[in-house]
Amino acid sequence: MSVFDRALAKALPAVPKPLVRRLSTPYIAGPSLEDAVRVVARLNAEGKLATVDVLGEEVATAEAAGEITLAYHQALARLESEKLDANISV
């Protein structure tokens, strides 16, 4: 991670959440798996592919790692069951 990326990551919690949402809206489907499935289905209908991110970069405990692992499994299972043309980012 570059110095700029580290500085940005440290500063991000100080940025008001409504501003973060406004700036990220074009790039983030939403906070839930349901949001991701809905947006990926729309993108696929437009002939586009998608990548689903399950964020968990700051995992510090085995319990949190287990929760993130489960979220990845759930995302993959939904993408498959809905027959969506998407992958996940790890």
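E46 sits in the middle class for accessibility: at 42% relative accessibility, E46 counts as partly exposed (buried is under 20% relative accessible area, exposed over 50%, partly exposed in between, using a 1.4 Å probe and protein chains only). K48 also counts as partly exposed, at 43%. The side chains of these two, E46 and K48, meet in a salt bridge at 3.2 Å, N to O (a side-chain nitrogen of Lys or Arg within 4 Å of a carboxyl oxygen of Asp or Glu).

A word on the ground rules. The model is predicted, with local features needing pLDDT of at least 70 and side-chain atom pairs counting only at pLDDT 80 or more, while totals for chains, interfaces and linings use all residues. Residues are numbered from 1 along each chain as its sequence is written, and side-chain values use heavy atoms, with hydrogens and water left out.

On to the overall layout. The chain has 4 helices and 2 strands, which run α-α-α-β-α-β along the sequence (DSSP runs numbered from the N terminus: helices are H or I with at least four residues, strands are E with at least two). The C-alpha trace spans about 40 × 35 × 25 Å along its principal axes. Of the 90 residues, 17% count as buried. Take the contacts between residues at least 6 apart in sequence (heavy atoms within 4.5 Å): 51% of them join residues at least 24 apart.

Helix α3 deserves a paragraph of its own. The helix covers residues 33-45, 13 residues in total, and reaches 18 Å from first C-alpha to last, close to the 18 Å expected at 1.5 Å a residue (that is, 1.5 Å times one less than the number of residues). Its buried residues are D35, A36, V37, V39, V40, L43 and N44, and they pack against β1 (50-53), α4 (62-81) and β2 (86-89). D35, placed in α3, counts as buried at 19% relative accessibility. Leaving aside residues up to four places away in sequence, D35 touches A29 and G30. Just after α3, G47 takes a positive phi of about 85 degrees.

Back to charge pairing. In one of the pairs, the side chains of E34 and R78 meet at 2.5 Å, N to O. E34 lies in helix α3 and R78 in helix α4, so this pair ties together parts that are 44 residues apart in sequence. E34 is partly exposed, with a relative accessible area of 48%. R78 also forms a salt bridge with E82, the closest N and O atoms being 3.4 Å apart, and E82 counts as partly exposed at 40%. Put together, E34, R78 and E82 are linked in a network of salt bridges.

A pocket here is an open set of points on a 1 Å grid over the protein atoms alone, where a 1.4 Å probe fits, with protein on both sides within 12 Å along at least five of seven lines; lining residues have an atom within 4 Å of a point. Of the 39 lining residues, the closest to the centre are S24, I28, G30, D53 and L55. Two or more lining residues come from each of α1 (3-11), α2 (17-24), α3, β1 and α4. By class, the lining has 24 nonpolar, 7 polar and 8 charged residues (Ala, Val, Leu, Ile, Met, Phe, Trp, Tyr, Cys and Pro count as nonpolar, Asp, Glu, Lys and Arg as charged, and the others, Gly among them, as polar).
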